[in-house]
Amino acid sequence: MKNFTIKNARVVDPANNVDKIADVHVSNGKFVSQSPDGAEAIDANGMLLIPGIVDIHAHLREPGQTSKETIRTGTSAAAAGGITSVVAMPNTVPAVDNTATVKLVDELIKQNAVVKVYQTGCITEGRAGQKLAPIGSLKNAGVVAITDDGGCVQNNELMLNALQYADMFGLLVMDHCQEATLTAKGQVHEGEWSYKLGLAGWPSAGEDLIVSRDVILSHYTGARVHLQHLSSGYSIDIVRRAKARGIKVSAEATPHHIALTAAACDGFNTNAKMNPPLRDESDRLSIIKGLCDGTIDVIATDHAPHSVNDKDKEFDYAAFGIIGFETSFSVCYEALVKSGLMPLEKLVALMTCNPAKLLNLDAGTLSCGAPADFALIDLDAEYVYEKTFSRSSNSPWLGKKLCAKVMQTFVNGRRVYTAENGVEV
Ligand SMILES: NC(=O)N[C@@H](CC(=O)O)C(=O)O
Ligand SMILES: [Zn+2]
Ligand SMILES: [Zn+2]
């Protein structure tokens, strides 16, 4: 299927301000302006056609934790979610804190990835927060950002140095914002549900402190900083004010913090246990306000697979994190667009061109000459979320009814997924 035209789709391409019924032409893996020679016609029948989703926060677990996920299983799940570019976090075993590991993972990606995968490197050696990783070498080896995700650099001087070094190399620092003394023992958001369940509380002040610290350091150094998976309403106020002052800060939110609150932990549901925790309805509404007014730039899944062994235990002992690739678009569409809170074009921007722009990736648009990465979605479909291509099944939406189903996903003009036949490698 080298040359083809998708006909009669509702094409939404926020990078080009497009929302109309149109034909989309593909030749040799790229979007082109006219129907190419010998093009096969594919009737999309009014389905939604969007640029492939760009997910800048995900855990693929390879190397080291392949019982939870592999690059093959993780990227298969991504394809099923309409995601064509994935940015992998470096908290693998070993952690991606040196060039040799970047090269090893690159090989694994080349051999196994179903969609495009970009790597991040660690801020500190072994994510231990003691000594900077070789940031310049990591950049030369191809990482697109650095982060100690899963943990947060507590030492302010080290973080200041990280921002300065990364800036010299044109690398973005992404931070998992969490002050250790306030959060180390936390299980669920401190409030109604920590009291009801009798579990250790996790105050949002732990996030707010580091968000403030990072804003201050970004202001001081002039370096960019990106705040991962924000969960606290007050954090979003801090980012809003920082942006108004011209500080180079960006932020992301996850589908679960957009759609759920701590109430999902009722019954000690470990599939609602994650880092940072689900919080109050007021926090959820602040996140949505932040997405609508541009304070939060990006939606990213924080796809975090964990095996049944890691999850099916007492709440205190269960691992933090949920899978999110396959449900991301459906969950956000329902919470944001179907609810009338946000136009479809805005949601698509938050999931495609905004994240691509943040990391300067050649993705997120249907522009002529761009790689033909796109997804076809049936907005009217309702379905029960059951099977998962992920090796793990730690999702609060398993067995639940969702809407807006990804029907087909294309990478470089090649169909890699259909709802009918699954992943085509
Ligand atoms: N989000 C999570 O709850 N867990 C992530 C780590 C992280 O994103 O902080 C994981 O690697 O399992
Ligand atoms: Zn994190
Ligand atoms: Zn993460």
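In β15, isoleucine 299 is the bridge partner of alanine 253. Alanine 253 belongs to β14, residues 249–253, and two bridges join β14 to β15, the two running parallel. Strands here are DSSP runs of E with at least two residues, helices are runs of H or I with at least four residues, and both are numbered from the N terminus. Two strands count as paired if DSSP finds at least two bridges between them.

Before going on, the basis. This is a predicted model, in which local features need pLDDT of at least 70 and side-chain atom pairs count only at pLDDT 80 or more, while totals for chains, interfaces and linings use all residues. Residues are numbered from 1 along each chain as its sequence is written, and chains are lettered from A and ligands numbered from 1 in the order in which they are written.

Back to the sheet. β14 and β15 are part of an open sheet of five strands, in the order β9-β10-β13-β14-β15, with parallel pairing. Why is one side of β9 and of β15 left without a neighbour in the sheet? β9 (145–146) and β15 stand at the edges and each has a single partner strand, so one side of each has no neighbour there.

UniProt, in an unreviewed entry, places the feature "active site" at Asp302; UniProt positions are given in the numbering used here, feature names are shortened, and annotations may be inferred rather than shown by experiment. Is Asp302 buried or exposed? Aspartate 302 is buried, because 28 other C-beta atoms lie within 10 Å. The cut-offs are 20 or more for buried, 12 or fewer for exposed, and partly exposed in between, counting other C-beta atoms within 10 Å of the residue's own, all placed from the backbone. Not counting residues up to four places away in sequence, aspartate 302 touches His57, His229, Thr254 and Gly324; contact means C-beta atoms, placed from the backbone, within 7 Å.

Asp302 is also one of the residues around ligand 1; the others are His59, Asn91, Asp149, Gly150, His176, Met274, Asn275, Ala304, Phe320 and Gly321. A residue is near the ligand if its C-beta atom, placed from the backbone, lies within 6 Å. The shell divides into three nonpolar, six polar and two charged residues.

Now the backbone. Most residues other than glycine have a negative phi, and most peptide bonds are trans. Asn275, from the ligand shell, is joined to proline 276 by a cis peptide bond, with omega near -5°. Proline 276 is in the loop between α9 (255–259) and α10 (281–292). Another cis bond joins glutamate 62 and proline 63, with omega about 10°, and proline 63 lies in the loop between β6 (53–58) and α1 (71–80).

Histidine 229, a contact of Asp302, has a positive phi, near 25°. Histidine 229 sits in the loop between β13 (225–227) and α8 (233–244) and is buried, since 22 other C-beta atoms lie within 10 Å. Asparagine 45 also has a positive phi, near 55°, in the loop between β4 (40–43) and β5 (48–51). Asparagine 45 is exposed, because 11 other C-beta atoms are within 10 Å.

Next, the core. The largest nonpolar core has 123 residues, and Val173 and Ile377 are among those with the most contacts inside it. Such a core is a set of buried Ala, Val, Leu, Ile, Met, Phe, Trp, Tyr and Cys residues joined through C-beta atoms within 7 Å. Leaving aside neighbours within four places in sequence, the contacts of isoleucine 377 include Met47, Phe329 and Val406.

Valine 411 stands opposite arginine 414. The two strands form a hairpin with two residues between them, and asparagine 412 in the turn has a positive phi of about 50°. A hairpin through three residues then joins β18 to β19. β18 and β19 (422–423) are antiparallel over two bridges, with threonine 418 opposite glycine 422.

Methods: Nonpolar A, V, L, I, M, F, W, Y, C, P; charged D, E, K, R; others polar. Contact = placed C-beta atoms within 7 Å.
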